[in-house]
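Colleague: Hi! Could you walk me through this one? I'm still new to reading structures.

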Amino acid sequence: MAPDVVLASAPHADTFGYSMPPPGLLRLGGALERAGVRARLEDLAYRLAAGQVADGDALARDCAELLLADGPPRVALGLSCMGATLPAALAIAAEIERRAPGAPVLLGGPGTTDVEERLLERFHAVDAIVRGEGEVTLIEALERLAHGRDLAGVAGTSWRDADGRVRSEPDRDPLKDLGELPDPAWHLLPPLAAYKAITGEDDGLVPIDSGRGCVYDCSFCSIGRTWKRRSRTLPVERLVREVEHAMAMDGAKQVYLCHDIFGANRADALAVCAALEARVRSKGDAIPFEVRARVDHLDDELIDAMGRAGCYRVLLGIETGDPVLRNRHGKRMDEGLDPLDRIERLDRAGVASILSLVLGLPGEGDAELARTLDLCLDASLRAPVHLSLHLPNPQPGCELGARDGGASRPLEGIVPDMAWGAGHSAAERALIDAHPDLFGSFAVLAEGGEARTRWLRELADELPPVLMRYARTFALLARRLGLDALGTYRAWRASGRSFESFVLARDHDEVLDALRWEQAIVRESARGDADDGRLRCASVVRARFDPVEDPRAWRDGAPQVREPRALAVARAASGALRTVVVSSAVADALQQLDGLEPDAVDPALLDALEARGLVTGPAERDAGPNAEHPNTAAGAPATTTR
Ligand code: B12
Ligand code: SF4
C-alpha cells in the first residue's frame with residue numbers, strides 16, 4: 001500500500017569518507033510518525049552506495065522508480081538536499097512528475113537556502129519548498145495538502161499558486177526548545193551496521209542532531225543564514241539519552257555531534273561533558289565523541305572536560321592564519337587569540353584537531369597566505385593535527401555566495417569541496433550548465449584569477465600530507481633556507497621533485513636526520529599488527545637533534561645541532577608511537593633482533609627491551625613478561641614525542 005508520504009535524501013556518492021544516516025531525515029521521520037502520518041524514508045546516498053540505484057545517467061530514473069515503488073504517496077513526496085545534491089533532487093523531481101503527475105513534490109534542506117523562489121519559478125516539478133527547520137512546517141503543509149488545500153499562510157513555505165505565481169510565506173520561528181523535537185526515527189532507515197558494511201568503513205560514527213544553527217555570519221559559510229543566525233542546543237539530558245540510544249545500535253562505535261559550534265552554549269557543553277564523564281566513572285567506558293567548534297569557544301576548563309568525557313576529535317574552523325582577514329570575513333574572533341595554544345591544549349587533553357582553512361578568500365594576498373601556511377606548519381609541530389585546506393566555494397545562502405556568486409565559476413579539473421561525488425549524471429550537468437546562479441556548490445570563487453586558483457588547489461592538495469608527515473623536516477629545512485612555510489613550499493615545488501627527494505638533494509645533515517626520523521614514524525604507523533611469531537623492534541635512526549625539543553625551537557630557535565644520538569621509534573601497547581633516546585648498544589641490539597625468532601635471543605635481554613616497549617614479541621609471549629612487570633611504563637625511558 002502506498003504510504004502517505006515518502007521522504008528521501010537526495011543521492012550523493014562522496015561523504016568525505018563518512019557514511020552516516022542523515023540526521024535531518026531521521027528527525028522529520030520522527031515528526032511524521034508523531035503526527036500519525038504513514039511515512040517511508042529513503043536515503044538515496046545509501047541506495048547509491050549499496051548499488052541499488054545506478055550511478056551516472058540512470059540515477060534520477062532509478063531513484064524515481066524506487067521512490068514510487070509502492071505507487072505514488074497519498075499526500076506528497078519530499079526531497080532533502082544540500083547544494084551538492086540539489087541538481088540530483090531536481091532531476092528526480094522531474095522524473096517523478098513524469099511518472100506520477102499528481103503527486104506534490106516538496107523540497108527542503110540547506111541546498112535550497114536563498115534560491116527557493118528561483119527554483120519554483122524555473123522548475124515546475126517542484127511544488128513547494130520548506131525553508132529552514134522542517135519538523136513543524138512539514139506537518140502543517142501535509143495537513144493542507146491532504147485536504148486538497150494550498151499552503152497560503154503556512155509559515156516557512158514558498159509555493160506556487162494555481163495561477164503559477166510563486167508565493168513566499170513569512171519565516172517560521174525556529175523552535176525555542178529543541179527538547180520538543182521528536183526522537184529520530186532510526187527504524188525507518190537501514191540499520192547503522194548496513195551503512196558501515198556497504199562502505200567497508202572501519203569507524204562506527206553515528207550522527208546526533210545535537211544542536212542547530214550559528215549566530216555568526218562568516219562570509220563563506222551558509223550555516224548562520226540557513227538557521228536564521230540562531231543557535232540552540234538539545235537539552236543536556238535529552239542529548240545524553242540520544243547518545244546512549246545511538247551507541248546501543250549495532251555497529252556504533254563513536255558519536256558525531258552535528259552542531260557546528262560545540263561550546264557556543266558553554267554551560268550546556270560543560271554539562272554534557274560532565275554527564276558523559278560520570279558515565280565513564282559508573283560504567284567504566286567512555287563514549288568516544290567528535291565535535292565541531294570555534295577555537296574561541298574552547299577555554300581550558302571546557303577542553304579538559306571534553307578530554308575526560310571521551311571527546312577524541314574536533315573540527316576547528318580556523319579559516320585563515322591572518323586574524324585581520326579572518327575578521328574581515330565575519331568570523332568575529334579576538335585577534336589576539338592564538339589558535340596554536342588551543343590546539344596544543346586540546347592535544348594535551350587527548351583531543352585531536354582537524355583544522356579547516358580556506359585558501360584564496362577575497363583580500364588574501366601572499367602575506368596572508370604565508371600566515372596561513374605558517375600556522376599549518378606550527379600547528380603540525382605542536383600536535384598531530386589533520387589539515388583540511390579548501391578553496392572558497394560559496395553557496396547561494398552565504399554572503400560571498402550572494403555578493404560574489406557571479407564571480408564564482410566552474411574550473412575544468414577542479415572539483416569544489418562542497419560538490420565532491422555529485423553532479424555526474426547528464427541530467428545534473430545540464431542543469432548546472434543552464435542555471436549557474438542556483439548551483440554555487442559546483443563553482444569556486446577564483447578571486448585571484450584562474451592561474452592562482454589552480455595553484456592554490458595544488459597547494460591545498462600537496463602541502464597537507466607533507467606537513468602531516470614531515471613537519472619537523474619541513475621546519476628545519478625552512479630554517480636552513482631562511483624562508484617561511486610559503487617560501488619553502490615554493491622552493492620545493494619549483495624543484496619538480498617529491499618532497500623527500502627535494503630534502504635529500506639539499507643535503508643538510510640535521511634536515512636529513514629529521515627526514516629519516518619522520519620516515520621511521522610513518523613506517524611504524526603503517527606497520528600493521530601482523531603477528532608472524534617473530535620479534536618486532538622499534539625502528540632506529542641516528543639524529544643530531546633532541547626529539548622532545550620545544551616545538552617552537554624547530555622553527556625559531558638557534559639550530560640545536562648536537563652529536564648524533566640514537567632514537568628508537570616504538571609502538572606502545574595502546575598503539576601510540578613514541579620516540580625514545582637509546583644508547584648505541586641498545587640501538588645495535590634492536591637492529592639485530594628485528595625479525596628474529598624469540599627463542600634465538602637471550603630471555604633477560606628480551607624481557608628488558610620488552611619492558612621498555614622497544615620490542616614486541618608474539619602475542620603468547622607478551623602475556624608473560626607484562627604480567628611479571630606491571631609497571632613497565634615506569635621503567636620506560638622518559639624522552640617521548642608525539
Ligand atoms: C551530518 C552531516 C553530514 C552527514 C550526513 C548528511 C546528511 N544528508 O544529512 C554526511 C557525513 C554524510 C555529510 C556529507 C556531506 N556533507 Co554534510 N553535513 C552534516 C552536518 C554536520 C549536519 C547535518 C544535519 O544533520 N543537520 C541537522 C539537521 C536537523 O538539519 P538538516 O539536515 O538541515 O534538516 C532540517 C532542515 O533543513 C529541514 N529539511 C531538510 N530536508 C528537508 C526536506 C523536506 C522535504 C522538508 C520539508 C524539510 C527538510 O528539516 C530538517 C529538520 O529541521 C551539516 C552541518 C549542519 N550542522 O547542518 C553538514 C552539511 C549539511 N554538509 C555539507 C556538505 C557540503 C556535505 C558534503 C557535500 C561534503 C562532501 N563534499 O562530501 C557531503 C554530501 C553528503 C550527501 N550524501 O549528501 C554542507 C552543505 C552546505 C550546503 N549549503 O549545501 C553542510 C551544511 C556543512 C557546511 N560545510 O556548510 N554531511
Ligand atoms: S564558519 Fe562556523 S562560526 Fe562561521 S557562520 Fe559557519 S558555523 Fe558559524
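This is a predicted model: local features need pLDDT of at least 70, side-chain atom pairs count only at pLDDT 80 or more; totals for chains, interfaces and linings use all residues.

Colleague: Okay, which residues come nearest to ligand 1?

Modeller: Of the 45 residues around ligand 1, the nearest are Gly24, Gly78, Ser80, Gly108 and Gly134.

Colleague: And which element gives the largest share of that shell around ligand 1?

Modeller: That is helix 1, with four residues. Strand 1, strand 3, strand 4 and helix 6 also give two or more residues each to the shell around ligand 1.

Colleague: Where does ligand 1 lie relative to domain 1 and domain 2?

Modeller: Ligand 1 lies between them, because domain 1 (5-168) and domain 2 (203-390) both give residues to its shell.

Colleague: What about ligand 2, which residues are around it?

Modeller: Among them are Cys214, Cys218, Cys221, Asp217 and Arg294. By class, the shell around ligand 2 has six nonpolar, two polar and three charged residues.

Colleague: Switching topic: is strand 3 largely enclosed or open?

Modeller: Five of the five residues of strand 3 are buried, so strand 3 is largely enclosed by the rest of the structure. Ala76, Gly78 and Ser80 are buried on one side, and Leu77 and Leu79 are buried on the other.

Colleague: Which strands pair with strand 3?

Modeller: Strand 1 pairs with strand 3 in the parallel sense over five bridges, and Ala8 has Leu79 as its bridge partner in strand 3. Strand 4 also pairs with strand 3 in the parallel sense, over four bridges; there, the bridge partner of Ser80 is Gly108.

Colleague: What do strand 3, helix 4 and strand 4 make?

Modeller: Together they make a right-handed β-α-β unit, with helix 4 covering residues 86-99.

Terms used. Residues are numbered from 1 along each chain as its sequence is written. Chains are lettered from A and ligands numbered from 1 in the order in which they are written. A residue is near a molecule or strand if its C-beta atom, placed from the backbone, lies within 6 Å of it. Domain bounds come from an automatic or database domain assignment. Ala, Val, Leu, Ile, Met, Phe, Trp, Tyr, Cys and Pro count as nonpolar, Asp, Glu, Lys and Arg as charged, and the others, Gly among them, as polar. A residue is buried if 20 or more other C-beta atoms lie within 10 Å of its own, exposed if 12 or fewer, and partly exposed in between; C-beta atoms are placed from the backbone. Two strands pair if DSSP finds at least two bridges between them. A crossover is right-handed if, with the strands pointing away from the viewer, the path from the first strand over the helix to the second runs clockwise.
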